[in-house]
Amino acid sequence: MSIHSRPKKSLGQNFLHDANVIQKIIRAFDAQPTENVLEIGPGRGALTSMLMEQLPHLTAVELDNELSAMLQITYGDKLTLLHQDILSVDLRAIAAERGKKLRVIGNIPYNITSPILFHVIDTRDAVKDFMVMMQTEVAQRLVAKPRTKDYGILSIFAQYYAAPRLLFGVSRNSFYPIPAVTSAVVTLNFDSPYSPAAENDVLFRTIVRGTFGKRRKTIRNGLKSLNVPPDVLDTLSINLEQRPEELTVADFVLLSNQLLSVASLITPVTTNEDNV
Ligand code: SAM
């Protein structure tokens, strides 16, 4: 595809041009002709053109006017191009239309990495897996272990809802224009969530967000500020003097299950996904 409009910073446009990296991603993704694949932000088609060689049909979501038009002209009926903001796309509807869970792939705009991750996580029943290029720093947070500086809300949610794997790093020089940060390819497998799941998903999220919101405070203080009554705190089996970054996913699941009876008292936490 020959499109050479100026890359738009506002749309996070850093186009992949390194053929080895493109091939490595496509090989790792391993799309099968019968699969229902969705690409986020196809841009100038670096991944798209190779996916098109493997698939009879692809759905893609691209916000850029010019690139959307060019992609549609280039690929015709083989490509269902949604000229939209990915955050407003109903992934469940696309899965339902083709009667198959989605496999999602994308070298996405880094400024909206967290909102995109949560958009996919929130429709995970319609998504099999997600292979995504992101800033190395964020990738390391997704796979971080407890008691490390990278471990936080994003680590817990990624490891709870999917099984994140950091596949490989990608040099800044593989993109045009060259971004300020290095990148990494991560895959999230929604068919392998943490098990057993928390009994109340909303409560689980509230406990994770609420305690990490007070990262330097102990779990006891975090729970107090969420309105958990003192007599209930005494019944919990977790050591409440720990800091949130010391708790594993299993600890958070246990904690949230032990707080089920007082769920209605707990203050909802509405953190903007961008700040995670
Ligand atoms: N996939 C291409 C590649 O690897 O060269 C382009 C990657 S570029 C980092 C991100 C792409 O996402 C751009 O094409 C940009 O226009 C598109 N984009 C930005 N914001 C978007 C949004 N909210 N929804 C859908 N696409 C978006």
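At roughly what angle do the axes of helix α7 and helix α8 cross? In this predicted model, local features need pLDDT of at least 70 and side-chain atom pairs count only at pLDDT 80 or more, while totals for chains, interfaces and linings use all residues. Residues are numbered from 1 along each chain as its sequence is written, and side-chain values use heavy atoms, with hydrogens and water left out.

The axes of α7 (residues 153-161) and α8 (residues 201-212) come within 10 Å and cross at roughly 155°. Helices here are DSSP runs of H or I, at least four residues, numbered from the N terminus; axes are lines fitted to C-alpha atoms over the stretch in contact, with angles from 0 to 180 degrees between N-to-C directions. The crossing angle makes α7 roughly antiparallel to α8, a term for angles over 145 degrees.

The contact (heavy atoms within 4.5 Å) is made by I153, I156, F157, Y160 and Y161 of α7 with D201, F204, R205, V208, R209 and F212 of α8.

I turn to the aromatic rings. Rings of Phe, Tyr and Trp (its six-membered ring) pair if their centres lie within 6.5 Å; planes under 30 degrees apart count as stacked, over 60 as edge-to-face and the rest as tilted. By this rule there are eight aromatic pairs. F157 and F204 form a tilted one, 6.2 Å centre to centre with 55° between the planes. This pair joins α7 to α8 across 47 residues, and both F157 and F204 are buried, that is, under 20% relative accessible area with a 1.4 Å probe, protein chains only. Y160 and Y161 have ring centres 4.8 Å apart and planes at 75°, so their pair is edge-to-face. Y160 is buried at 4% relative accessible area, and Y161 is buried at 2%.

Finally, ring pairs link F118, F157, Y160, Y161, Y194 and F204 into a cluster.

Notes
Helices (H or I, at least four residues) and strands (E, at least two) are DSSP runs, numbered from the N terminus. Angles under 35 degrees count as roughly parallel, over 145 as roughly antiparallel, 65 to 115 as roughly perpendicular and the rest as oblique. Buried means under 20% relative accessible area, exposed over 50%, partly exposed in between (1.4 Å probe, protein chains only).
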